[in-house]
Amino acid sequence: ISLGLVGSEMCIRDRLISLFISFSSFVLTVIGYLLLVPITVLFVECLAALFPYRLQQNFGEINRIKFAVLIPAHNEAAEIGITLESLIPQLKKDDRLLVIADNCTDNTALVAQQYGAIVIERNNPNQRGKGYALDYGLSFLKSDPPDVVIIIDADCSSQPNCLQTLAGISKQTNRPVQAAYLMESPKNPSTKDLISALAFLVKNVVRSTGLMKLGLPSLLNGTGMAFPWEAINSVSLASGNIVEDLQLGVDLTLAGCPPIFCPQIQVTGRLPQEQTAATVQRTRWEHGNLQILLSQVPYLLRSAIQFRRWELLALALELSVPPLSLLVIFWGLGMTGAVLLNLSGAGLFVVMLFAIMGAMIFLAIFFAWIKFGRKIISGLALLSVPFFLLWKIPIYLGFLVNPEKNWIRTTRDS
């Protein structure tokens, strides 16, 4: 009798273990299929970016286009002079360069005036954020609206032909245009700085180039953007959204005016040298991207199906890709779980699924680096990526505990 009871208990235990393994394998398979969507989107975009594309150089009668440049600036006295020096020579007689000195406590307004810019000051401590500043600038222009509005951040430098080209493409296509927005590493960069610059390049240039070559709408990156007046005036900008550029791209696409990417024009910002400032900047970007993913992707998917607008489906798929570091972390956790389940007696299917996804991530990053990123970072430095991921983990855990909701200006290097 005792042997029978022991055998029965062992049988029940084995069944419970088997059920646990089967259930875990099922859950991990579902998670794998969910991850397969953004990983496939990333892989296809990076692969498409490799193929040649003939850029159109005829941008219409550019000289007849009247445009206004908006520069939102919050305590940018140390940086804005460099930006204005690159923009002022590009202006024609009827063009305007408008600096919005937003809640400034330094002499940003005075510096901008010395360079010859039109300066308007906005003071409202209860409404902080780039969106409020841009809305204030657009209200100023309404009495004499331009054909095209161009938005440049106060800490960015641009190419000599940047403004005319962006205005010409926007006017000719009657759509918003996004230039290639790059990040310059600080002086004496650490390996982490170089990997950050590469990740920025993959998101803003490589993936956007892939979308352009596939004929799909692009995201907006916050600077180096041009808009037809009717388009930018049709959406609301007055908000403290920490990633107002992503939201603006979504709103314009929903309004039937999806942005397009212009890789031949580059606008360059600078990564902060000080690590606390870099963490604050990265936290705002990462948390904002995740908030947009969770709030906008379901709505875009429903709208795409309801109205049969496939550009909304493409935008939803693009926004479904989480920050690259988080995607790699998710994959790493899934791959570890799949291997442990396989060692416990589960089949090879889940392991193979995650192995295929891992190969797709590796190839996507390799494609991006081999064509676009070799000047930024060496192949040997890429071996430090695991340490970069460890640095990012607290940022993602912070999203679960206390997600960033307020717009915070990144502290500039002295």
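## Main contributor to the largest cavity

α9 gives the most to the lining of the largest cavity: 7 residues. This helix spans residues 275-307. The model is a predicted one.

## The largest cavity

The structure holds 2 cavities of 30 Å³ or more. The largest contains about 830 Å³ of space. Its lining takes in 47 residues. Nearest the centre of this cavity lie F200, N221, D245, R284 and W285.

What classes of residue make up the lining of the largest cavity? There are 22 nonpolar, 16 charged and 9 polar residues.

## The second largest cavity

The second largest cavity has a volume of about 80 Å³. Its lining includes K192, D193 and S196. L271, P272, Q275, A278, Q281 and R282 also line this cavity, as does W391.

Which helices each supply at least two residues to the lining of the second largest cavity? They are α6 and α9. The largest share comes from α9, with 4 residues. By class, this lining has 4 nonpolar, 3 polar and 3 charged residues.

α9 is the top contributor to the largest cavity and to the second largest cavity.

Terms used. Residues are numbered from 1 along each chain as its sequence is written. This is a predicted model: local features need pLDDT of at least 70, side-chain atom pairs count only at pLDDT 80 or more; totals for chains, interfaces and linings use all residues. Side-chain values use heavy atoms; hydrogens and water are left out. On a 1 Å grid over the protein atoms alone, a cavity is a set of points where a 1.4 Å probe fits but cannot get out, and a pocket is an open set with protein on both sides within 12 Å along at least five of seven lines; lining residues have an atom within 4 Å of a point. Grid points are joined across faces, edges and corners, and a volume is the space filled by probe spheres set on the points. Ala, Val, Leu, Ile, Met, Phe, Trp, Tyr, Cys and Pro count as nonpolar, Asp, Glu, Lys and Arg as charged, and the others, Gly among them, as polar.
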